[in-house]
Amino acid sequence: MAESTGVCPSRHGKPAGLPCAAGPLPHGRPSADARPCGRGSASSGTRIDPPRFRALHLVAAAEAPDPQQALIHRALATGRPDAALAAALEEAAVAVGSPAHASLVSTRQLLVWAADLSADRSAREHRLLLAALHDLCGENPLDMELWARIETLPPSPLRHAAWAGRAVMEDRFGAALDHLRAARRGLAFWYAREDEVTSPGSRLNPVPSAGAVIDTVEAAVACRMARGGATVDAATRALDARVLDTVQARAARRLLLAGQVYAAGPHHVLRLLGDSTPATPGRTATPEAAERWSSRLLLVRGECRVLTGDLEAAAGDLREVLRRHQASPGHPERRRALERLTIAHFLLGNWQEAEAVVDGIDTAGGGTAGRALRALLSAFRGSGAPPRRGSWVPPAPTTPGAAEPDHVVIATVARILALSAHRHHGDVLAAIRWLTAPSSALEDAPAKFAPLWLPARAEAAVETATGASSLAGLAELHECAERIPYLMVTHHRLAGRAAELRGNPTAAVDAYEEGLSTAKGCAHVPPVHLAQLESAYGRLLCLLGHTASGLRHLERAQHTFASLGAFPFDHRCTQERAALAERASPLWPDGALTERGLAVARLVVSGLTNSQVAENLLISEKAVEHHLGRIYRTLGVRTRAELASRWPR
């Protein structure tokens, strides 16, 4: 939606002293208190009486070189209802869709003027509602004077649709759904008496236009509630009706794209945004060239780029959204951009920038997400007290429509990553179970943000389980990583770790080397992910007796951790290097332990007694003692504690 520029249209070839028509203006005709915008008059504070005010605008309208400037001057010069002028103002508002048709004032203001100049009551009510809907399409700050007038209008489907849109803006999703149901009931009544309302060919025929507007608002409600399929269906119905004005159609197309992020995935949406031709016959969500990179579309593209790993480009899109909303710190788009930009900076390793962005989330009403993102950075930085094991608790129980799911999911994902940094794998699994449970009322939001939390779940499954559970977590991560290259690096690291825990160092080495090879072919790998791979591989090489090469990998990992400011990781790397440098013999030469011996060793290291090991493996306790003696001799250890200290963690 075009916003007021605050530029006086009378400055183009007009004498000084002409009253400003394009700044913040009252509804209806201007008052006699309007001040001229010429240089000398600003200091004198001269007041212009209404007749003189209108006369000046009539002169300006006659001399204005631009038709829209002339139209605005005519609106300000008129002192009585004018149906033709009102229709022209409405036409100018709904035609805004390209730079050639950009409005010098907001389309809301044009429509309010059109309403005030309307001789017909139904036309006046229709234009006031249209003004409110235009504001909602752009998620602009609510004009309370306009909404006070909306309150006085009689009930109608469009009025309920406008109130539903306002409720969404205020995060009152339950109220939005109630208003939508009322709008649908009113629309059904209108359909029943369409011939009585107005002739089908009339420009103000409310039946088809109201239906499309209600569908657009329904798409907005569904999108904020993370219902991807419902968003796509409602936005498609609205666009297929072909009766929306330009501003509303732009909003419907943006909602269609946002819904497809949930329903078809970010890669699909990025293809649509990068291709001006429809992928399939029929309607496409590809935006028109003139509105292609509105702040809303930049936000959608930035989010998709974060989720697909194109992080530098994502940060650029999101910074541009923030630049456009720098005068509106509480704008919803600004808060969403700040949350996603924090994640992009975190993955890029720009942690100082991420901390600066988090500070901005507080002023934008970030709430729980802001606190969780700050806790995430604190966990990786090592600042602040670490959480206790088992301390994770889910957010307050949510019901459908109680909170914006994307906001809740981002907060939960940030906590999951913080817990993973502290190696609280049990808490990670508990958090993800809550995140993905149908009872969480988060709809499609967890699936949309899966690239962010799947690595943490796979790592927790590998570290806390063996067999099917670990393999399932790796398989799910692999499926996601096939389309997001940097995640494949993490997958290889976790596959190597799983092979270590199975007692297969050869497979572990192969997985780690495959991960390093994959990293070389990636445009960008989050530095902390690559350093974790280097650290795991270096530690394993040292355990296998390749101390020199292993320590080189550990040194590279430690350098990365130190440059990031990841002090807990840096400290662990220092400890590992010191311990491994003193070890002269490998932990296990290839093939030194049988499969049964490895199973016995793992269970002993986990803290089980000989009888418990025998019970788990369905063998006798004497057999356990035999295997344990052989393990001690092979690995050169004498006690269970020494075996545990040598066993890979």
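This is a predicted model: local features need pLDDT of at least 70, side-chain atom pairs count only at pLDDT 80 or more; totals for chains, interfaces and linings use all residues.
Reader: Why is helix α15 called roughly parallel to helix α17?

Author: Helix α15, residues 295-308, and helix α17, residues 332-348, pack at an angle of about 25°, with their axes 10 Å apart. Angles under 35 degrees count as roughly parallel, and therefore α15 is described as roughly parallel to α17. As for handedness, α15 passes α17 in a left-handed crossing.

Reader: Which residues make the contact of α15 with α17, and how do they divide by class?

Author: On the α15 side the contact is made by Ser 295, Arg 296, Leu 299, Glu 303 and Val 306, and on the α17 side by Glu 333, Arg 336, Ala 337, Arg 340, Ile 343 and Ala 344. By class, this contact has five nonpolar, one polar and five charged residues. Glu and Arg count as charged, and so Arg 296 and Glu 303 of α15, together with Glu 333, Arg 336 and Arg 340 of α17, belong to the charged class.

Reader: What makes α2 roughly antiparallel to α3?

Author: The axes of helix α2, residues 50-63, and helix α3, residues 67-77, come within 8 Å and cross at roughly 160°. Angles over 145 degrees count as roughly antiparallel, so the term applies to α2 and α3. The crossing of these two helices is left-handed. In the contact, Phe 53, Arg 54, His 57, Leu 58, Ala 60 and Ala 61 of α2 meet Ala 70, His 73, Arg 74, Leu 76 and Ala 77 of α3, and these residues divide into seven nonpolar, two polar and two charged.

Reader: How do you know that α20 is roughly antiparallel to α21?

Author: The angle at which α20 and helix α21, residues 425-436, pack is about 165°, and their axes are 9 Å apart. The cut-off for roughly antiparallel is an angle over 145 degrees, and α20 is therefore roughly antiparallel to α21. Here, too, the crossing in which α20 passes α21 is left-handed.

Reader: Which residues meet where α20 packs on α21, and what is their division by class?

Author: Val 408, Val 409, Thr 412, Val 413, Ile 416, Leu 419 and Ser 420 of α20 meet Asp 427, Val 428, Ala 431, Ile 432, Trp 434 and Leu 435 of α21. The residues of this contact divide into 10 nonpolar, two polar and one charged.

Reader: How many cavities of 30 Å³ or more does the structure hold, and how much space lies in the largest cavity?

Author: The structure holds seven cavities of 30 Å³ or more, and about 560 Å³ of space lies in the largest cavity. Of the 29 residues that line the largest cavity, Glu 139, Cys 223, Arg 224, Leu 255 and Arg 296 are the closest to its centre. Elements that give two or more residues to this lining include α6, α8 and α11, while α13 provides the largest share, seven residues. By class, the lining of the largest cavity divides into 16 nonpolar, three polar and 10 charged residues.

Reader: What volume does the second largest cavity have, and which residues lie nearest its centre?

Author: The second largest cavity has a volume of about 270 Å³. It is lined by 20 residues, and Phe 380, Leu 417, Pro 455, His 529 and Gln 532 lie nearest its centre. At least two lining residues each come from α17, α20, α23, α25 and α27, with α23 giving the largest share, five residues. The lining of the second largest cavity has 14 nonpolar, four polar and two charged residues.

Conventions: Residues are numbered from 1 along each chain as its sequence is written. Side-chain values use heavy atoms; hydrogens and water are left out. Axes are lines fitted to C-alpha atoms, for helices over the stretch in contact, and angles run from 0 to 180 degrees between N-to-C directions. Helices (H or I, at least four residues) and strands (E, at least two) are DSSP runs, numbered from the N terminus. Angles under 35 degrees count as roughly parallel, over 145 as roughly antiparallel, 65 to 115 as roughly perpendicular and the rest as oblique. A crossing is left-handed if the near helix is turned anticlockwise from the far one by less than a right angle, and right-handed if clockwise. Contact means heavy atoms within 4.5 Å. On a 1 Å grid over the protein atoms alone, a cavity is a set of points where a 1.4 Å probe fits but cannot get out, and a pocket is an open set with protein on both sides within 12 Å along at least five of seven lines; lining residues have an atom within 4 Å of a point. Grid points are joined across faces, edges and corners, and a volume is the space filled by probe spheres set on the points.
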